[in-house]
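Please open the structure in your viewer and keep the selection panel at hand. The stops below are meant to be followed in order.

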Amino acid sequence: MENYLSLFETYNVPAAFWVNIQLSFWAAIWALVIGTVLALFRISPIPSLQWFGTAYVNIFRNTPLTIILAFGFLGLFSVMQISLAGELDDSLFRIAIVGLSLYHAAFVCEAIRSGVNTVPVGQAEAARAIGLGFLPAARLIILPQAFRGAIAPLGNVLIALIKNSTVAAAGSVAAESSSLMKTMIEFRSDLVIPIFLTFALGFVILVIPIGLLTTWASRKLAVAR
Amino acid sequence: MQKTRYAAAAVAAVAALTLSACGGGGDSAESGSGGEGGGESLRIGIKFDQPGLGYDEGGSYSGFDVDVAKYVANELGVTEDNIEFVEAPSANRENLLSNNQVDMIFATYSITDTRKETVAFAGPYFVAGQDLLVPTDSDITGPEDLEGKNLCSVTGSTSAQKIKDQYPGVQLVEQPGYAECVTAMGGGQIDAVTTDDIILAGLASQEANAGKFKVVGNTFSEEKYGVGLPQDSDRCEDINAAITKMIDDGAWEEAITRNTEGADYSFNKDLNPPTPEPCA
């Protein structure tokens, strides 16, 4: 037991989880923005935008996240020499956020589209009937109802995003938790199982409140019909 | 009420089936591997992804670790056909040994005091040192020249930790493997790659990298590569004798030369060849 507690003096476990939280926070915001735009594309009446939205979702949803993030490091950073910040660490951190956002935007888009499906067609027809164009109808009538219907699936995307933030190790964000876990196992191989359990527990603590919150909110905010 | 009771019973039944299935699988796996353990065959853990040391070339294995493993096995009376090579990634080495999934490990396995608490070591059969791999035209001659430069190593490795502790001015990039580091260095964003000199030599001598990189040759640590054994193993003395024999008859040096060809590498002559430590 003392052995185990000494781990926390040598290794800053909360700081590593904090990196995952930061990655998830920024990636969630960007993914929500990109995903909403994509969802608009997919429900829009313009065929080329529909086509783009479908193509994006299919490409990013079907590409493993590890490959996207490894491409961020090997392709964007190493070969194309793209740098998103002066400091090396910040630059790699931001490239990882870009990768996480682009990937999860595809899932956000699908979650919102499923929310749109909960809105009765009559709502859209009524919006048209009072003279609203596509964008005002989407902004005022459809999306507000769609988001309320999409809370639970969006919560699932957020949970997946938090867990997937560990893949940022492939994009060289070595301060995050799965990298720290690797380091701890390398140096304290006598405590492999407790180390695993610590990190598993860390993610349970992060993820369970989100599950509870979104389930509660999706019940509370769903549009009663 | 009745319905929930049935549901609960069903859940319990499913859970029981699942659990018993797990137990059954574990048992049979153990007895299977136990059978192979004795007699004329050996299961040897090596790296599969380290060119020059332990490298999987589509079913056949090459590298210095592999050559020493074959020599030692031969001395123990096991022919090459009866060796089963098992992948032993760094993080799994202790577990593979303590669960008796392998009989011994030759996988750039540094002898350390923490590790001695869970596993036993024979050897060392090589003393490596942390060094730098740089592009051929680079003027970096040691870790002191790295201030403000970008250095790459593997996430969680001893080498990465040493840089963080001793050279805080260096910008360290951590990647899942050395191949990624070398690729990034080829692209020009990374100035140097660090780990043990012989691993770097193996990377540099790969066909794809031939002539592009050089090992600096200014080591700043001592890693004694040992043969990992389960703690209750009685093979330590025999393995040490085999290693000594390999060094004496020249096969040891030949193996190093063959596996680092084209990397312009020479091992540290002050520390090598090593004398195996007495078995505990």
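Which residues does B:Phe126 touch, not counting residues up to four places away in sequence? In this predicted model, select B:Phe126 and display its contacts: B:Phe64, B:Asp197, B:Ile198, B:Glu223, B:Lys224, B:Tyr225, B:Trp252, B:Ile256, B:Tyr265, B:Phe267, B:Asn272 and B:Pro274.

Select residues 120-128 of chain B, which form strand S7; six bridges join S7(B) to S13(B), and the two run antiparallel. Then select residues 223-229 of chain B, the extent of S13(B): six of its seven residues are buried, leaving the strand mostly covered.

Now widen the view to the nonpolar cores. The largest has 61 residues, and B:Phe126 is listed with B:Ile44, B:Phe64 and B:Phe106 as having the most contacts inside it. Select residues 64-75 of chain B to see helix H2, which gives the most to this core, with seven residues. Apart from this core lies another, of 36 residues; to find it, select A:Leu69, A:Leu100, A:Val116 and A:Ile142, which are among its members.

Select residues 54-56 of chain B for strand S3, which two bridges join to S2(B). Within this pairing, B:Tyr55 in S3(B) is the bridge partner of B:Asp49.

Key: Residues numbered from 1 in each chain as written. Chains lettered and ligands numbered in written order. Predicted model: local features only at pLDDT ≥ 70, side-chain atom pairs only at ≥ 80, totals over all residues. Heavy atoms only, no water. Pairing = 2+ DSSP bridges. Helix = DSSP H or I, 4+ residues; strand = E, 2+ residues; numbered from the N terminus. Buried < 20%, exposed > 50% of the residue type's maximum accessible area, 1.4 Å probe, protein only. Core = buried A, V, L, I, M, F, W, Y, C linked by side-chain atoms within 4.5 Å. Contact = heavy atoms within 4.5 Å.
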